[in-house]
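Please consult the sequence and the structure alongside the text.

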Amino acid sequence: MASMVSILLRCSLLVLLLVQSTHSSVTPKAKNAIAEEHKPALPSSSNTYIVLTNHLAKPSKFDTLEHWYASMVGKNSSRIQYTYGTVMHGFAARLTDGEAQRMATVPGVSRVYKDRLYHTQTTRSPWFMGLHDDFGAWPDAEFGDGVIIGFVDTGIWPERASFSDTGLGPVRSTWRGKCVDAPGFNASLCNNKLVGAKSFTDSSPRDIDGHGTHVASTAAGSEVPSADLFKFAGGRASGVARMARIAMYKACIRGGCSLSAITAAVDAAVSDGVDLISMSIGGPVEAFYDDLVTVATFGAERRGVFVVMSGGNYGPNASSITNVAPWMTTVGAATTDRVFPATLRLGNGVVLTGQSLYNIPFSQGAGTIPLVSSDCGKYGDLTPDKFMGKVVVCSKGVGAWAGFDVERAGGAGMISADSRTRFGDAVKAQPFNLPGLQLSSTGVKKLADYMSSVAYPVASFNFTCNTVTGENRAPMVAGFSSRGPNPIVPEILKPDVIAPGVNILAAWSGAASPSGSNMDPRRVEYNILSGTSMACPHVAGVAALIKKRHGDWTPAMIRSALMTTAGPLDKNGRDIVDSGSAVGAAVMGATPLAAGAGFVLPRLAMDPGLVYDAGTQDYVDFLCTLNYTVEQMRMFVPELSKCARTIPGGVANLNYPSFVVVFDGRTRVRTLTRTVTLVSTRPESYNVTVAAPDGVKVTVTPATLEFRWPKEKRSYSVQFSSEAGAKVRPAGTWDFGHIAWENRKHRVRSPVAFKWDN
């Protein structure tokens, strides 16, 4: 219970806002909106229309897509309100009905839609990835109906509305899984949405922690008309594949996940007949034959089960990426265009903006409170004699759970410092129990400079409790998202892709508090979490959509579709930014070591044109190329008597949708080969385009690929040359480019990473 001093202090500060902030999300924004400060005069009979385009059909006479869009609207181009350049291509403009009808006939325009109000969706991330109810990946894949995703996690809270089976038919007859009765979990709680629930811990499949419920509803939760956390992020909730089915394999408890439980869960999931496995877990990176999760997932791949895993939350440190085997799809975390701003005014007048889920609107006005620092993690450090009536600046980046210790010590508020994330729009929002916010490393530095410059630092809070959408730069790679290079096999680029993983709203356990503190009495149906754990199920959901549309595709083909169509640009058509960039350094674009191939775009991934396929034998050859012994190889292939072959040219020649080129003192030329398979239904021709850093020459042979029938394969080789006379790069330097195969309908893009080991 809060101390009386703390209660009185808080009440003395609360001043309810009479005028709602201009950043409020109560008035819904247009989809993918980029707010403009000045709006031109509009025709009285006009409405907002969204014009979707095939960006590959842009006439060559226009330098940019924006110029093309302006030509469509003509002299009234000032009526263009927003442009779309990442999750989809096109623009929104005020048009009369007649203008809209004529716009639909313009070559290159896919379709014209009259705007309508959408409520925010997990409540936001599926839409931000480009998913729409009436066109694109969702209806094309029947929302993933019938595909079964197995989750290895902390269990599930089956009573949540996200697991309703309304509108779903029975599970397929070949499904072998079931729900298992256990104390506190009745198998009758399962239905045509939750089709399997087993526990591999000492407890029942019921989720006491909340994590498993959150990730399952993110990937495949049913549509829920209204969901929020303390009125934040309110709107229609939906899993990415909302008609897919869920099978939960509980292998984790709050203390962690044992390897034995994980491998048992994977084994059971494959045996039951899941189509995909989603695992938002990670551990120490070890040689593949020493990592039982890697071995277990290899077995899943042999059975045709797609495995997607989180990349870890240890960024921005280099080589912090986990789950790095080539038969896994490894996911990093990115932001969406939704933030929960709160501000801190310092005694020197500087205003710092952070994020907060503290849900009592108030402004302290001219009133200020003393600031004091603490690591907020040391037992017994938070005592009333030090912190009564003060705002505690927690230097260790602790979560909202520490707020209960601060409150018990009589603290008036807290500030959590995120040293890994540069931009405030990318920090984790926390459900503080007392006035509190989280600052980025940029804000933390300004706060620290102020506190060190005065004897008695003070500050005041302002909370509007608003959800703001469409106004921030997004996506950005989260600072905490783990980075490459791959610590086991640098020649395999990881992560593979990034997906929404910051401030994601999804279903929550009825047994867990939103903050994670045992002192927190609050219980919620939905919670907002951040981590690559949240990014992973987004990709699992997209993979389920692809699986529904292309049931005969191998896991490698699904991964290829995700990677080669991923977007390297943000919603404004600029390079995706790395929020783990150092404070004071230039704003850095996210390299493939942070973002992989880019941000997952479901609509494009459904129809990639070409794919890079690989199967069990390819991975066996890959492991043999690592010079594993027969005994080590038998961890993966028990029947193996010897390695029959290795990959010519080394592991970098695995038929992977990305490239890593290592130049060392022995050679300045590397040649890699790849094979692509046509997955379109008609003959197609592709031409290659290349981007390479200065001093590197790239030659692709052949430069054109002709395909005459579906599933036809074509191979090509790429010679990478570090040119003599080029600038000298220190050992360990990385640089980047890409190779893309293009025609008017498809663009099949692969990132290329170059390393100098001279």
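Angles under 35 degrees count as roughly parallel, over 145 as roughly antiparallel, 65 to 115 as roughly perpendicular and the rest as oblique. Such angles run from 0 to 180 degrees between N-to-C directions, and the axes are lines fitted to C-alpha atoms, for helices over the stretch in contact. Helices (H or I, at least four residues) and strands (E, at least two) are DSSP runs, numbered from the N terminus. The model is predicted: local features need pLDDT of at least 70, side-chain atom pairs count only at pLDDT 80 or more, and totals for chains, interfaces and linings use all residues. Residues are numbered from 1 along each chain as its sequence is written, and side-chain values use heavy atoms, with hydrogens and water left out.

Helix H7 (residues 259-272) and helix H8 (residues 292-302) have axes that come within 10 Å and cross at roughly 5°. H7 and H8 are therefore roughly parallel to each other. From H7, Leu259, Ile262, Thr263, Val266 and Val270 meet Leu292, Val293, Ala296 and Ala300 of H8, where contact means heavy atoms within 4.5 Å. The residues of this contact between H7 and H8 comprise 8 nonpolar, 1 polar and no charged; Ala, Val, Leu, Ile, Met, Phe, Trp, Tyr, Cys and Pro count as nonpolar, Asp, Glu, Lys and Arg as charged, and the others, Gly among them, as polar.

Attention now turns to the annotated site. In the unreviewed UniProt entry, the annotation "active site" covers Asp153, His211 and Ser533. These residues span 381 residues in sequence, yet no two of their C-alpha atoms are more than 10.2 Å apart, so they gather at one spot. UniProt positions are given in the numbering used here, feature names are shortened, and annotations may be inferred rather than shown by experiment.

His211 is placed in helix H6 (residues 211-220), and Ser533 in helix H12 (residues 532-549). His211 counts as buried at 18% relative accessibility, as does Ser533 at 12%; buried means under 20% relative accessible area, exposed over 50%, partly exposed in between (1.4 Å probe, protein chains only). Beyond four places in sequence, His211 touches residues including Asp153, Trp508 and Ser533. The side chains of Ser533 and His211 make a polar contact (3.0 Å).

Helix H12 also holds Ala544, which is buried with a relative accessible area of 0%. Ala544 and Leu276 are 268 residues apart in sequence but 7.3 Å apart in space, C-alpha to C-alpha.

Technical notes
A polar contact is a pair of N or O atoms within 3.5 Å; within protein, one must be able to donate a hydrogen and the other to accept it, and residues adjacent in sequence count only if both atoms are side-chain atoms.
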